[in-house]
Amino acid sequence: MKKSTVLFLVLLLSCGSDGNNGSFPEGPDDGTVEIDQAVLDDLQLTHFNFFWELTNPDNGLVPDRASPANNTAMCSIAATGFGLTAYIVGAERGFITRVQAAERTLTTLRFFANAPQSSDPANATGYRGFFYHFLNRGDGLRTGTSELSTIDTALLMGGVLAAQTYFDGDGQTETEIRELADRLFLAVDWKWAMNGHDRMTMGWTPESGFLSYLWSGYNEAMILYIMALGTGEQSKRVDASVWDNWTATYRWETFHNFEMVNFSPLFGHQYSHLWIDFNGIKDDYTRSVGIDYFINSQRAANANRAYCIANPSGYKGYGENFWGLTACDGPGAGEYGKWEYYARGASALSVEDDGTLAPTAAGGSFPFTPTQSYAALVAMQNYKGGALYTKYGFKDSFNPSEDWIDDWWLGIDQGPILIMIENYRTGLIWDLMKKNKYIVDGLRAAGFSGGWLG
């Protein structure tokens, strides 16, 4: 398994300012920033372009990453789940028609529904309803020794279920979308992935069996457990006690004056929230601490920003509008590598900070910290005369101390920016998933109540 995959799975945790200089325009951060809707339109269109233009139109697989020199790299199932959700946003925003969105969605779902599922290490796309983390762009088979990923399958299924709910028309295309989405979701054997533990394993490979890591502590796995609790296939559903087993591993601590359930990279506070509106609904754990998970993510984003403003390591450029530590590429040597993907972050649990910032950290936090996120994205758009911002949205990351800008766009970066801006503006994806039986059933099984759950 690739080192970057291990780092992502183990969730090693990362950010720092020598003050503002001419390259880092500062602005109000107290809620007085006026959000320009035309700027949001442009931000959404550019990040949508990544999914629409760089996806393989023959099978719907979305690149894990792409660069001006390479847009045919391997694909990732998480990025494909974001892509399925992006097409819905694109249709509602008028970037494409509903018919175009439906056709691309159907191509994607047909591919996964017909892809080979077996324990064959080289000639399969998935097994037991799960799919391999990385797939070849052309034939869609497993890439290298990538793992059968539980969380990435859940992120793919986020897009699958969003499509199932959105495409509610009577025509042949939309009817088939709903049928294939149901078939794909119900095929996932969540109980098998428990491997006899009280929490779910992170993955499996045909070479070595189940990974030794379990999903523990607060992170992006909320959606994974909610799906495992909400599936309509009883033989594949996990026991309701699994949710409590998971929340028992949380760490509630204070970081930069914000009390919260800690997790260091901001993606862990964002991914489940792309599809599920946790504002006002609570499980037993959040009832015990007096907040909901939306507020927890809001505190995490503000704490991440506060850390960058404090900048204890004295990195160049960090400030009120240049913040955001999450998993991303970086320019460092040794452990970080020249462009190696690493889970940077900052919380009471751990700090992993080499001066590298990722625009998706602020962009994916948009509903939680709209004025702060907006100011950051505008400042990053203007960084070095626009070198960070392109027709496919922001490049993955940049490091002002090293005068470095990443050459890559990442699907799991572009998706959260596009989708979370839409959730801030209209609640589109959140409202869709409030109508999805599997998500609602999973939330109720996990003990959520109140708010929009009634």
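In what order do the 3 strands of the open sheet run?

1. The open sheet has the order S6-S7-S8, with antiparallel pairing. This is a predicted model, in which local features need pLDDT of at least 70, side-chain atom pairs count only at pLDDT 80 or more, and totals for chains, interfaces and linings use all residues. Residues are numbered from 1 along each chain as its sequence is written, and side-chain values use heavy atoms, with hydrogens and water left out.

2. At the edges of this sheet lie strand S6 (148–149) and strand S8 (209–210), each pairing on one side only. Strands here are DSSP runs of E with at least two residues, and helices are runs of H or I with at least four, numbered from the N terminus; two strands pair if DSSP finds at least two bridges between them. S6 is joined to strand S7 (residues 203–205) by 2 bridges, and Leu148 has Trp204 as its bridge partner in S7.

3. Do have a look at the hairpin of S9 and S10. Strand S9 (residues 252–255) and strand S10 (residues 258–261) run antiparallel and are joined by 4 bridges, with Thr254 opposite Glu259. The hairpin has 2 residues between the strands, and His256 takes a positive phi near 50°.

4. Helix H3 (residues 77–93) packs against helix H5 (residues 150–166) at about 25°, with the axes 6 Å apart; axes are lines fitted to C-alpha atoms, for helices over the stretch in contact, and angles run from 0 to 180 degrees between N-to-C directions. That angle makes H3 roughly parallel to H5 (under 35 degrees counts as roughly parallel, over 145 as roughly antiparallel). H3 passes H5 in a left-handed crossing, meaning that the near helix is turned anticlockwise from the far one by less than a right angle.

5. H3 also meets helix H4 (residues 98–114): their axes come within 8 Å and cross at roughly 160°. This makes H3 roughly antiparallel to H4, and here too the crossing is left-handed.

6. The largest cavity has a volume of about 50 Å³. A cavity is a set of points, on a 1 Å grid over the protein atoms alone, where a 1.4 Å probe fits but cannot get out, and lining residues have an atom within 4 Å of a point; the volume is the space filled by probe spheres set on the points. The lining includes Phe267, Tyr341 and Asp413, and helix H13 (residues 411–425) gives the most to it, with 3 residues.

Notes. On a 1 Å grid over the protein atoms alone, a cavity is a set of points where a 1.4 Å probe fits but cannot get out, and a pocket is an open set with protein on both sides within 12 Å along at least five of seven lines; lining residues have an atom within 4 Å of a point. Angles under 35 degrees count as roughly parallel, over 145 as roughly antiparallel, 65 to 115 as roughly perpendicular and the rest as oblique.
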